[in-house]
Amino acid sequence: MKLDAIDLRILEAVQRDGRITKVALAEEVGLSPTPCWMRLRKLEKAGIVSGYHARVAVRRMPPVASVMMEVTLENHRQADFDRFERAVAAITEIIACWSVGGGVDYILKIMAADIDAYQRLVDGLLDREIGIARYFTYIVTKTVREETALPLSMLLAAPEASNS
């Protein structure tokens with residue numbers, strides 16, 4: 001699906017405020033409410049807007065451990081990757097998992113009640129024998145920046161505009 005400037009404005013607005021009203025969204029993007037809402041529905045049906053979420057300020061809640069983990073698998077057949085990815089997808093505390101190129105196979109972001117809970121999670125992964133050869137743990141001591149909104153205007157800028 002090709003996106004135009006109005007689609008980008010709609011996406012940026014709903015990223016900032018998923019609860020924005022139909023009228024406020026239309027005003028923000030410069031359309032009347034019905035065509036604006038139809039465009040949003042089209043973006044949803046295309047899977048470009050995949051959901052609406054509240055941002056929870058974890059630092060205002062009881063302490064939790066935020067951990068980044070590098071994982072390297074023993075073997076690199078497709079079945080090995082599939083087995084690992086299925087296991088990771090089923091664990092709620094693993095809130096993000098990226099398959100990466102370079103010296104490791106995966107980087108995971110894990111939220112646990114504390115370091116002991118994190119270690120129990122790792123022990124469980126190792127007990128399941130899902131092919132982990134080695135892992136490295138990085139405890140997040142301070143979040144400097146964590147953005148969930150995508151910089152759509154920058155990412156989807158027309159090539160001729162970015163070459164000027």
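Which residues does Ser66 touch, not counting residues up to four places away in sequence? Select Ser66 and its surroundings, and you will find Lys109, Ile110, Met111, Tyr138, Ile139 and Val140, where contact means heavy atoms within 4.5 Å. Ser66 lies in strand E1; helices (H or I, at least four residues) and strands (E, at least two) are DSSP runs, numbered from the N terminus. Ser66 is buried, with a relative accessible area of 14%, given that buried means under 20% relative accessible area, exposed over 50%, and partly exposed in between (1.4 Å probe, protein chains only).

Before moving on, note that this is a predicted model, in which local features need pLDDT of at least 70 and side-chain atom pairs count only at pLDDT 80 or more, whereas totals for chains, interfaces and linings use all residues. Residues are numbered from 1 along each chain as its sequence is written, and side-chain values use heavy atoms, with hydrogens and water left out.

Next, select Lys109, which lies in strand E3 and counts as buried at 14% relative accessibility. Leaving aside neighbours within four places in sequence, Lys109 is in contact with Ser66, Val67, Met68, Glu93, Ile94, Ile95, Ala96, Trp98 and Glu146.

Now widen the selection to the whole of strand E3 (106-112). E3 is largely enclosed by the rest of the structure, because 5 of its 7 residues are buried. E1 and E3 run antiparallel and are joined by 7 bridges, and the bridge partner of Glu70 in E3 is Ile107; strands pair if DSSP finds at least two bridges between them. Strand E2 (residues 94-99) is also antiparallel to E3, with 5 bridges joining them. Along that pairing, Ile94 has Ile110 as its bridge partner in E3, and Cys97 stands opposite Leu108. The hairpin of E2 and E3 has 6 residues between the strands, and there Gly102 takes a positive phi near 115°.

From here, turn to the largest nonpolar core, which has 22 residues, and select Met69, Val71, Phe84, Tyr106, Leu108, Ile110 and Tyr118, the members that touch the most others. A nonpolar core is a set of buried Ala, Val, Leu, Ile, Met, Phe, Trp, Tyr and Cys residues joined through side-chain atoms within 4.5 Å. At least two residues of this core come from each of E1, helix H4 (78-89), strand E3 and helix H5 (115-127). Centre the view on Phe84, which touches Val71, Leu73, Cys97, Tyr106, Leu108, Ile130 and Ile132, not counting residues up to four places away in sequence. Apart from this core lies another, of 15 residues, among them Ala13, Ala26, Cys36 and Leu152.

Two loops complete the tour. Select Glu129, found in the loop between H5 and strand E4 (132-139), where its phi is near 50°, a positive value in a residue other than glycine. Glu129 is exposed, with a relative accessible area of 65%. Finally, select Val58, in the loop between helix H3 (33-45) and strand E1 (65-73), which is partly exposed at a relative accessible area of 33%.
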